[in-house]
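I opened my notebook to write down what I looked up in this structure.

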Amino acid sequence: MVRGAVKKVPLAPWPAVVLDSGGLWAVARNDDDDARAVLAASSRAGVPVIVPAAVLADTLFGDERDARANQVLKRIKVAPVTDAIARSAAKLKRLAGMTGVAATIDALVVATAQAAGGGVVLTSDPGDIRALADGVTDTRIRPVRVS
Amino acid sequence: MTGSGKKSAAEGASGRGRNVLAQAAVPEKEKISITLDKTLVDEIRAHFGGRALSASINELLHVALAQERLAELVSQMEAEAGPASPEAYDRVLAQWFEAR
């Protein structure tokens, strides 16, 4: 930081941050300004950063290529896929008219955000997340695009 | 929220991520003896009502440790790549407040 510069980090207004596959890798690669902004604002506000366990199955390689992701996973919460979250995901997928494995993982991400009381989904595919979040009426869920 | 209507410690601490963070498998417990400020204990008891003190403190520590770990991650990311730009904060806040 430049001497004398004031670093102003706003308090995150969202209740939680949920990472999908693109979000997890954006944080692991640390090459996305917006991902750093979301995490810094969340840290300042005491907001939890969560990755659903199902995302790990979809995202990780199971070998040394996971090293950077594993460093991130030591410092954020891995949330289990509970019966309630799985059922919510199934409903969201149906409401969005989506099918397939990728849609199932995305629906679990949105259902996890819903269970967390709403929040930001860090994602490289905001369109699908938004379509699924449209089925959530009790909390605010918004995708934030990362590269 | 518990069945008795009392707030959990995690809910009371911030209300954030409550249902997700409370659903992990129950880990093994260890009974210890610790000494805390009486004013702090009184405040926790008053805030969380009749809820078991151990459970309240256990959850508060989970939340506190999660925050510590996230702060470490952010520090590491900023050390590697620098802090996020003001424009990045503007972009993410705009996406959060975006109407459907």
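**Entry 1: what kind of model**
I noted first that this is a predicted model.

**Entry 2: the layout of chain A**
I began with the elements. I found seven helices and five strands in chain A. Read from the N terminus, their order is β-α-α-β-α-α-β-α-α-β-α-β. I then looked up how compact the chain is. Its radius of gyration is 15 Å, close to the 15 Å that the globule rule gives for 147 residues, so chain A is as compact as a globular protein of that length. I also looked up its extent. The C-alpha trace of chain A spans about 55 × 40 × 25 Å along its principal axes.

**Entry 3: burial and contacts in chain A**
How much of chain A counts as buried? I found 50% of its 147 residues. I then turned to contacts with a separation of 6 or more. In chain A, 70% of these join residues 24 or more positions apart.

**Entry 4: the core**
I looked up the largest nonpolar core and found 56 residues in it. Those with the most contacts inside this core are A:Val17, A:Val38, A:Val110, A:Val121 and A:Leu122. Which helix gives the most to this core? It is helix H6 of chain A, residues 101-115, with seven residues.

**Entry 5: one alanine**
Is A:Ala35 buried or exposed? I counted 30 C-beta neighbours inside 10 Å, so A:Ala35 counts as buried; the cut-off is 20 or more. Leaving aside neighbours within four places in sequence, I found A:Ala35 in contact with A:Gly23, A:Ala26, A:Val27, A:Leu122 and A:Val146. A:Leu24 is eleven residues from A:Ala35 along the chain, and their C-alpha atoms are separated by 9.4 Å.

**Entry 6: where the chains touch**
I moved on to the two chains together. I found 38 residues of chain A in contact with 34 residues of chain B. On the chain A side, the elements that give two or more residues are helix H2 (33-45), strand S2 (49-52), strand S3 (77-79), H6 and strand S5 (141-145). H2(A) gives the most, with ten residues. By class, this side of chain A has 23 nonpolar, seven polar and eight charged residues.

**Entry 7: chain B**
What elements does chain B have? I found five helices and zero strands. Of its 100 residues, 22% count as buried. Among its contacts with a separation of 6 or more, 58% join residues 24 or more positions apart.

**Entry 8: two helices of chain B**
I ended with a helix pair. Helix H3 (residues 38-48) and helix H4 (residues 53-81) of chain B pack at an angle of about 100°, with their axes 10 Å apart. Angles of 65 to 115 degrees count as roughly perpendicular, so H3(B) is roughly perpendicular to H4(B). Which residues meet here? From H3(B) I listed B:Ile44, B:Arg45 and B:Phe48, and from H4(B) B:Leu53, B:Ser56 and B:Ile57. The residues of this contact divide into four nonpolar, one polar and one charged.

Technical notes: Residues numbered from 1 in each chain as written. Chains lettered and ligands numbered in written order. Predicted model: local features only at pLDDT ≥ 70, side-chain atom pairs only at ≥ 80, totals over all residues. Core = buried A, V, L, I, M, F, W, Y, C linked by C-beta atoms within 7 Å. Buried ≥ 20, exposed ≤ 12 C-beta atoms within 10 Å, placed from the backbone. Helix = DSSP H or I, 4+ residues; strand = E, 2+ residues; numbered from the N terminus. Rg over C-alpha atoms; globule rule 2.2 N^0.38 Å. Contact = placed C-beta atoms within 7 Å. Nonpolar A, V, L, I, M, F, W, Y, C, P; charged D, E, K, R; others polar. Axes fitted to C-alpha atoms, helices over the stretch in contact; angles between N-to-C directions. Parallel < 35°, antiparallel > 145°, perpendicular 65-115°, else oblique.
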